[in-house]
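Subject: Structure handover

Hello,

Here is the structure I said I would pass on.

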Amino acid sequence: MKLRYICHGEAPIPKWVYDRIREGGDIVFAMLGLKDGIPAVMLVAEKRVEFYEPESLLPVDVNSWKHGVVWALIKNEGISSIGRERPDLGRVERWYSKVVRLERHIGRLERLGLDDRNLWREAKRTKSKMYRYLKGYSQWLANKIVRKALKHKSKVVIDRALEESWKELLEEGLTKREAKIHMASVRRFIKILETQLRWHGIPYEFKRLPSRLCPNCEIEMDELPRRRMKCPNCGLEEDRDKIPILWALKLVS
Ligand SMILES: [Zn+2]
(Lines give C-alpha, C1' and ligand atoms only; values in the text may rest on other atoms or scores of the structure.)
Protein backbone atom coordinates (compact mmCIF):
# COMPACT_ATOMS: atom_id res chain seq x y z
CA MET A 1 0.00 0.00 0.00
CA LYS A 2 1.44 3.39 -1.02
CA LEU A 3 0.56 6.90 0.07
CA ARG A 4 1.65 10.06 -1.69
CA TYR A 5 2.24 13.46 -0.18
CA ILE A 6 3.27 16.74 -1.78
CA CYS A 7 4.90 19.37 0.38
CA HIS A 8 6.07 22.85 -0.41
CA GLY A 9 7.55 25.46 1.82
CA GLU A 10 7.21 23.35 4.95
CA ALA A 11 9.74 22.50 7.63
CA PRO A 12 12.61 20.28 6.34
CA ILE A 13 10.75 17.13 7.33
CA PRO A 14 6.96 17.53 7.36
CA LYS A 15 4.82 16.05 10.13
CA TRP A 16 3.34 13.73 7.51
CA VAL A 17 6.61 11.77 7.44
CA TYR A 18 6.70 11.27 11.21
CA ASP A 19 3.04 10.23 11.23
CA ARG A 20 3.48 7.60 8.50
CA ILE A 21 6.61 6.16 10.15
CA ARG A 22 4.78 5.94 13.46
CA GLU A 23 2.10 3.93 11.63
CA GLY A 24 4.73 1.44 10.46
CA GLY A 25 5.39 2.89 7.02
CA ASP A 26 8.64 3.71 5.22
CA ILE A 27 9.47 6.65 3.01
CA VAL A 28 10.54 4.94 -0.19
CA PHE A 29 10.61 7.67 -2.79
CA ALA A 30 10.99 11.41 -3.08
CA MET A 31 10.94 13.57 -6.18
CA LEU A 32 11.58 17.26 -6.58
CA GLY A 33 9.47 19.10 -9.09
CA LEU A 34 7.23 22.08 -9.60
CA LYS A 35 3.63 22.31 -8.49
CA ASP A 36 1.78 25.40 -9.67
CA GLY A 37 5.17 26.89 -10.49
CA ILE A 38 6.48 26.43 -6.93
CA PRO A 39 9.26 23.94 -6.08
CA ALA A 40 7.65 20.99 -4.35
CA VAL A 41 8.71 17.60 -3.06
CA MET A 42 6.57 14.56 -3.57
CA LEU A 43 7.06 11.86 -0.97
CA VAL A 44 5.82 8.30 -1.14
CA ALA A 45 5.34 6.17 1.94
CA GLU A 46 4.99 2.44 1.70
CA LYS A 47 3.81 -0.20 4.09
CA ARG A 48 3.13 -3.90 3.92
CA VAL A 49 -0.46 -4.23 4.96
CA GLU A 50 -2.19 -7.27 6.30
CA PHE A 51 -5.88 -7.07 6.98
CA TYR A 52 -6.82 -8.16 10.48
CA GLU A 53 -9.49 -10.64 11.47
CA PRO A 54 -12.50 -8.45 12.36
CA GLU A 55 -14.15 -8.66 15.78
CA SER A 56 -17.02 -6.28 15.06
CA LEU A 57 -18.90 -4.69 12.21
CA LEU A 58 -19.05 -0.99 11.42
CA PRO A 59 -21.61 -0.15 8.73
CA VAL A 60 -21.34 3.38 7.37
CA ASP A 61 -24.31 4.70 5.45
CA VAL A 62 -23.22 7.70 3.42
CA ASN A 63 -25.90 10.26 2.59
CA SER A 64 -25.88 13.94 1.76
CA TRP A 65 -24.68 16.22 4.58
CA LYS A 66 -28.31 17.16 5.16
CA HIS A 67 -29.12 13.68 6.43
CA GLY A 68 -25.57 12.94 7.45
CA VAL A 69 -23.36 9.89 7.60
CA VAL A 70 -24.89 7.23 9.83
CA TRP A 71 -22.63 4.61 11.41
CA ALA A 72 -23.19 1.85 13.90
CA LEU A 73 -20.96 -0.45 15.85
CA ILE A 74 -22.24 -4.00 15.82
CA LYS A 75 -20.80 -6.41 18.36
CA ASN A 76 -22.04 -9.91 19.17
CA GLU A 77 -24.80 -9.42 16.61
CA GLY A 78 -26.31 -6.47 18.44
CA ILE A 79 -26.01 -2.72 17.90
CA SER A 80 -23.70 -1.42 20.64
CA SER A 81 -23.66 2.19 19.48
CA ILE A 82 -25.02 4.27 16.64
CA GLY A 83 -24.40 7.82 15.50
CA ARG A 84 -25.11 10.38 12.84
CA GLU A 85 -22.41 12.77 11.74
CA ARG A 86 -22.88 15.97 9.84
CA PRO A 87 -21.16 19.30 9.57
CA ASP A 88 -22.53 22.43 11.25
CA LEU A 89 -25.29 23.04 8.72
CA GLY A 90 -26.30 26.33 10.34
CA ARG A 91 -22.87 27.70 9.54
CA VAL A 92 -23.02 26.42 5.96
CA GLU A 93 -26.48 27.91 5.55
CA ARG A 94 -25.27 31.32 6.81
CA TRP A 95 -22.39 31.35 4.32
CA TYR A 96 -24.71 30.26 1.55
CA SER A 97 -27.32 32.95 2.21
CA LYS A 98 -24.56 35.53 2.37
CA VAL A 99 -23.35 34.45 -1.08
CA VAL A 100 -26.90 34.61 -2.46
CA ARG A 101 -27.43 38.05 -0.93
CA LEU A 102 -24.17 39.36 -2.38
CA GLU A 103 -24.94 37.92 -5.80
CA ARG A 104 -28.37 39.57 -5.84
CA HIS A 105 -26.74 42.84 -4.96
CA ILE A 106 -24.14 42.42 -7.70
CA GLY A 107 -26.95 41.60 -10.17
CA ARG A 108 -28.86 44.75 -9.25
CA LEU A 109 -25.74 46.85 -9.73
CA GLU A 110 -24.99 45.14 -13.05
CA ARG A 111 -28.42 46.00 -14.38
CA LEU A 112 -27.58 49.62 -13.63
CA GLY A 113 -24.32 49.21 -15.53
CA LEU A 114 -22.29 49.29 -12.32
CA ASP A 115 -19.66 46.90 -11.11
CA ASP A 116 -18.31 46.45 -7.59
CA ARG A 117 -15.13 44.38 -7.45
CA ASN A 118 -15.21 44.25 -3.67
CA LEU A 119 -18.61 42.56 -3.65
CA TRP A 120 -17.34 40.00 -6.16
CA ARG A 121 -14.31 39.28 -4.04
CA GLU A 122 -16.41 38.98 -0.89
CA ALA A 123 -18.79 36.51 -2.58
CA LYS A 124 -15.87 34.46 -3.87
CA ARG A 125 -14.19 34.47 -0.46
CA THR A 126 -17.34 33.33 1.29
CA LYS A 127 -17.90 30.55 -1.24
CA SER A 128 -14.39 29.17 -0.84
CA LYS A 129 -14.66 29.42 2.94
CA MET A 130 -17.81 27.26 2.77
CA TYR A 131 -16.26 24.63 0.50
CA ARG A 132 -13.04 24.60 2.51
CA TYR A 133 -15.02 23.95 5.68
CA LEU A 134 -16.84 20.98 4.09
CA LYS A 135 -13.57 19.64 2.73
CA GLY A 136 -11.97 19.81 6.17
CA TYR A 137 -15.01 18.18 7.71
CA SER A 138 -14.90 15.23 5.28
CA GLN A 139 -11.26 14.63 6.24
CA TRP A 140 -12.03 14.87 9.95
CA LEU A 141 -14.96 12.46 9.66
CA ALA A 142 -12.94 9.88 7.70
CA ASN A 143 -10.32 9.99 10.49
CA LYS A 144 -12.99 9.55 13.13
CA ILE A 145 -14.48 6.45 11.45
CA VAL A 146 -11.01 4.95 10.94
CA ARG A 147 -10.09 5.47 14.61
CA LYS A 148 -13.33 3.82 15.66
CA ALA A 149 -12.72 0.85 13.36
CA LEU A 150 -9.16 0.41 14.67
CA LYS A 151 -10.28 0.62 18.28
CA HIS A 152 -12.93 -2.08 17.88
CA LYS A 153 -11.14 -4.13 15.17
CA SER A 154 -14.14 -3.67 12.92
CA LYS A 155 -14.86 -4.61 9.41
CA VAL A 156 -16.28 -1.51 7.69
CA VAL A 157 -19.23 -1.81 5.33
CA ILE A 158 -19.78 1.30 3.26
CA ASP A 159 -22.99 2.13 1.48
CA ARG A 160 -22.51 5.03 -0.91
CA ALA A 161 -25.99 5.89 -2.10
CA LEU A 162 -24.92 9.15 -3.69
CA GLU A 163 -27.34 9.26 -6.60
CA GLU A 164 -30.27 8.43 -4.35
CA SER A 165 -29.21 11.11 -1.89
CA TRP A 166 -29.03 13.63 -4.71
CA LYS A 167 -32.52 12.72 -5.95
CA GLU A 168 -33.85 12.85 -2.41
CA LEU A 169 -32.56 16.38 -1.89
CA LEU A 170 -34.30 17.57 -5.07
CA GLU A 171 -37.51 15.81 -4.01
CA GLU A 172 -37.34 17.60 -0.70
CA GLY A 173 -37.48 20.86 -2.62
CA LEU A 174 -33.85 21.98 -2.59
CA THR A 175 -32.54 23.75 -5.67
CA LYS A 176 -29.75 22.04 -7.61
CA ARG A 177 -27.36 24.59 -6.23
CA GLU A 178 -28.38 23.91 -2.63
CA ALA A 179 -28.23 20.16 -3.27
CA LYS A 180 -24.71 20.55 -4.66
CA ILE A 181 -23.57 22.13 -1.41
CA HIS A 182 -25.12 19.32 0.63
CA MET A 183 -23.18 16.83 -1.50
CA ALA A 184 -19.89 18.78 -1.58
CA SER A 185 -16.91 16.67 -0.48
CA VAL A 186 -19.09 13.60 0.19
CA ARG A 187 -17.28 11.74 -2.61
CA ARG A 188 -13.99 12.99 -1.19
CA PHE A 189 -15.00 11.62 2.22
CA ILE A 190 -15.49 8.14 0.72
CA LYS A 191 -12.16 8.35 -1.11
CA ILE A 192 -10.20 9.39 1.98
CA LEU A 193 -11.99 6.77 4.05
CA GLU A 194 -11.11 3.99 1.59
CA THR A 195 -7.45 5.05 1.35
CA GLN A 196 -7.10 5.17 5.12
CA LEU A 197 -8.85 1.84 5.64
CA ARG A 198 -6.39 0.21 3.24
CA TRP A 199 -3.40 1.94 4.79
CA HIS A 200 -4.34 0.69 8.26
CA GLY A 201 -5.27 -2.82 7.10
CA ILE A 202 -8.90 -2.46 8.09
CA PRO A 203 -11.08 -4.94 6.20
CA TYR A 204 -13.88 -3.23 4.32
CA GLU A 205 -16.40 -3.71 1.57
CA PHE A 206 -18.82 -1.59 -0.41
CA LYS A 207 -22.35 -2.89 -0.21
CA ARG A 208 -25.78 -1.55 -1.03
CA LEU A 209 -27.88 -1.46 2.11
CA PRO A 210 -31.60 -0.95 1.43
CA SER A 211 -33.32 1.83 3.36
CA ARG A 212 -36.88 1.17 2.23
CA LEU A 213 -37.13 -2.61 2.48
CA CYS A 214 -38.05 -4.40 5.69
CA PRO A 215 -35.02 -6.38 6.88
CA ASN A 216 -37.30 -9.14 8.16
CA CYS A 217 -39.75 -9.56 5.28
CA GLU A 218 -37.75 -7.94 2.44
CA ILE A 219 -40.81 -6.02 1.25
CA GLU A 220 -41.32 -2.29 0.70
CA MET A 221 -42.01 -0.42 3.95
CA ASP A 222 -44.49 2.44 4.38
CA GLU A 223 -43.13 5.91 4.91
CA LEU A 224 -44.43 7.70 8.00
CA PRO A 225 -43.84 11.37 8.83
CA ARG A 226 -40.41 12.47 10.13
CA ARG A 227 -38.43 9.83 8.24
CA ARG A 228 -39.97 6.88 10.10
CA MET A 229 -40.63 3.61 8.28
CA LYS A 230 -43.13 0.88 9.07
CA CYS A 231 -43.45 -2.61 7.63
CA PRO A 232 -47.06 -3.41 6.61
CA ASN A 233 -46.38 -7.10 7.17
CA CYS A 234 -44.48 -7.57 10.45
CA GLY A 235 -45.11 -4.11 11.90
CA LEU A 236 -41.42 -3.24 12.39
CA GLU A 237 -41.19 0.52 12.86
CA GLU A 238 -37.83 2.26 12.74
CA ASP A 239 -36.04 5.43 11.90
CA ARG A 240 -35.36 5.46 8.19
CA ASP A 241 -31.60 5.80 8.78
CA LYS A 242 -31.51 2.74 10.99
CA ILE A 243 -32.89 0.41 8.31
CA PRO A 244 -29.56 0.13 6.39
CA ILE A 245 -27.82 -0.70 9.68
CA LEU A 246 -30.28 -3.55 10.30
CA TRP A 247 -29.61 -4.77 6.77
CA ALA A 248 -25.86 -4.72 7.40
CA LEU A 249 -26.46 -6.88 10.46
CA LYS A 250 -28.41 -9.34 8.34
CA LEU A 251 -26.19 -9.37 5.23
CA VAL A 252 -22.72 -9.42 6.68
CA SER A 253 -23.00 -11.38 9.93
ZN1 LIG B 1 -41.44 -6.73 7.92
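This is a predicted model: local features need pLDDT of at least 70, side-chain atom pairs count only at pLDDT 80 or more; totals for chains, interfaces and linings use all residues.

Zinc site

The zinc ion has four protein donors, the SG atoms of Cys 214, Cys 217, Cys 231 and Cys 234, at 2.2 to 2.4 Å. Along the sequence these donor residues follow the spacing C-x2-C-x13-C-x2-C. The arrangement is tetrahedral because the angles subtended by the 4 donor atoms run from 105 to 113°, and four donors count as tetrahedral if all angles lie between 85 and 135 degrees. Two of the donor residues can be described by their accessibility. Cys 231 has 2% relative accessibility and so counts as buried, the cut-off for that being under 20%. Cys 234 has a relative accessible area of 39%, so it is partly exposed.

β5 is mostly covered, with 6 of its 7 residues buried. On one side of the pairing list is β4, which runs antiparallel to β5 and is joined to it by 4 bridges. Val 62 stands opposite Val 69 of β5. The hairpin formed by β4 and β5 has 6 residues between the strands, and Gly 68 in its turn has a positive phi of about 80°.

β5 also pairs with β6, again in the antiparallel sense, over 7 bridges. Here Val 70 is opposite Arg 84 of β6. These two strands form a hairpin with 2 residues between them, where Asn 76 in the turn has a positive phi of about 45°.

Helix α7

α7 spans residues 243–252 and is mostly covered, 7 of its 10 residues being buried. The buried residues include Ile 243, Ile 245, Trp 247 and Leu 249. The buried part of α7 packs against β4, β5 and β6, and also against β10 (228–230) and β11 (237–239).

Nonpolar cores

The largest nonpolar core has 38 residues, and Val 62, Trp 65 and Phe 189 have the most contacts inside it. Among the elements that each supply at least two residues of this core are β4, β5, α2, α3 and α6. The most comes from α3, with 9 residues. Leaving aside neighbours within four places in sequence, Phe 189 is in contact with Val 62, Trp 65, Val 69, Ser 138, Leu 141, Ala 142 and Ile 145.

There is also a second, separate core of 15 residues, which includes Ala 72, Val 157, Cys 214 and Ile 245. Cys 214 is also one of the zinc donors, and Ile 245 is one of the buried residues of α7.

Regards

Terms used: Residues are numbered from 1 along each chain as its sequence is written. Side-chain values use heavy atoms; hydrogens and water are left out. Buried means under 20% relative accessible area, exposed over 50%, partly exposed in between (1.4 Å probe, protein chains only). Contact means heavy atoms within 4.5 Å. Two strands pair if DSSP finds at least two bridges between them. Donors are N, O and S atoms within 2.8 Å of the metal (3.2 Å for Na, K and Ca); water is not among the atoms, so sites may look incomplete. Four donors count as tetrahedral if all angles lie between 85 and 135 degrees; four count as square planar and six as octahedral if opposite donors are over 155 degrees apart and all others between 65 and 115; anything else is irregular. A nonpolar core is a set of buried Ala, Val, Leu, Ile, Met, Phe, Trp, Tyr and Cys residues joined through side-chain atoms within 4.5 Å.
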